[in-house]
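Please examine the arrangement of helices in the model shown here. The paragraphs that follow lead through selected parts of it in turn.

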Amino acid sequence: MDVLLGALSWIAIVGGVFFMLVGTFGVLRMPDVYTRLHAAGMTDTMGAGLVLLGMAFHTVGDMLHGETTYWLVLVRLVLIYGFLLLTSPIATHALARAGLAGGVKPWTNGEERA
Amino acid sequence: MDDRVILRVGTKILTPFILIFALYVQFHGDYGPGGGFQAGVIFAAAFVLYALVYGLGNAIKVLPPRVAYACGALGVIIFVGVGYGSMALGGEFLNYSVLAHDPLHGQHYGIIGVELGVLVTVFGVMVSLFYAFAGRRRIES
């Protein structure tokens with residue numbers, strides 16, 4: 001059980017780091033504001049979500065070792081994930097709206113990259 | 001027709017949680033990371049978010065600038081009040097141990113009081129600063 005939880009925890013955390021890395025590359029490499037926002041939004045929901053999932057697996061492992069009060073940590077992780085799921089897309093939405101209101105034209109295929 | 005539905009609903013859902021989280025940071029400051037300054041900033045951030053989404057006029061209706069200025073001064077009064085209170089009870093300035101019969105409890109009350117003062121001041125000053133900047137108009141030349 002220990003090995004299984006540890007492996008799941010590591011897989012989730014490494015997966016989250018992978019998504020964050022991809023998101024960072026996206027922010028650096030994408031051609032305009034909106035495509036970059038797409039990459040940045042993924043960093044928060046997918047990347048941070050998977051890292052939190054890995055932490056949750058780790059916490060469950062600690063609970064099996066007799067840390068009975070650690071369910072509070074689990075509740076906090078779930079709450080953090082819930083707020084991340086709410087705030088991150090809203091922030092991305094606000095930024096995209098601000099870009100559109102500011103007159104930034106979306107990039108289309110074939111155009112020169114900014 | 002206003003189309004900022006997502007922002008408005010999101011702000012409406014999140015504002016109470018931001019305020020609660022500020023209080024959590026405040027009372028967690030005695031035992032771990034957190035404390036009055038961070039809590040004050042988070043508390044003010046809730047009002048800044050409200051002002052950004054619902055407009056400065058509505059925010060000023062909720063929290064008039066006069067109240068924000070008063071908060072900035074009130075926190076200092078609370079802080080200094082705890083300090084002089086401990087002097088009045090026979091200790092040094094901000095010597096919490098004399099605030100209760102048991103020094104340990106006294107320390108506890110003193111820290112809570114001082115942190116509350118910091119929270120109120122930081123909150124008031126942050127909101128005042130935001131109002132001062134957001135209320136400026138562009139100078140037409």
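Leu21(A) belongs to helix α1 of chain A in what is a predicted model. Is this residue buried or exposed? Leu21(A) counts as exposed, because 12 C-beta neighbours lie inside 10 Å and a residue with 12 or fewer falls in that class. Along the chain, Leu21(A) and Gly47(A) are 26 residues apart, and their C-alpha atoms are separated by 8.6 Å.

The helix that holds Leu21(A) comprises residues 2–29 of chain A. Its 28 residues should span 40 Å at 1.5 Å a residue, and therefore the 40 Å between its end C-alpha atoms agrees with expectation. The residues of α1(A) that are buried are Ala12(A), Gly16(A) and Gly23(A). These buried positions pack against α2 (33–64) of chain A.

In chain B, helix α2 covers residues 36–54. From its first C-alpha to its last, this helix of 19 residues reaches 27 Å, close to the 27 Å expected at 1.5 Å a residue. Buried residues of α2(B) include the glycines Gly36(B) and Gly40(B), together with Phe43(B), Phe47(B) and Tyr50(B); Ala39(B), Ile42(B), Ala44(B), Ala46(B) and Ala51(B) are buried as well. Among the elements that cover them are α1 (5–28), α3 (56–62) and α5 (103–134) of chain B. Just after α2(B) comes Gly55(B), with a positive phi of about 95 degrees.

The two chains also touch each other. Six residues from chain A and six residues from chain B make up the contact. On the side of chain B that touches chain A, five residues are nonpolar, one is polar and none is charged.

Terms used: Residues are numbered from 1 along each chain as its sequence is written. Chains are lettered from A and ligands numbered from 1 in the order in which they are written. This is a predicted model: local features need pLDDT of at least 70, side-chain atom pairs count only at pLDDT 80 or more; totals for chains, interfaces and linings use all residues. Two residues are in contact if their C-beta atoms, placed from the backbone, lie within 7 Å. Ala, Val, Leu, Ile, Met, Phe, Trp, Tyr, Cys and Pro count as nonpolar, Asp, Glu, Lys and Arg as charged, and the others, Gly among them, as polar. Helices (H or I, at least four residues) and strands (E, at least two) are DSSP runs, numbered from the N terminus. The expected span of a helix is 1.5 Å times one less than its number of residues. A residue is buried if 20 or more other C-beta atoms lie within 10 Å of its own, exposed if 12 or fewer, and partly exposed in between; C-beta atoms are placed from the backbone.
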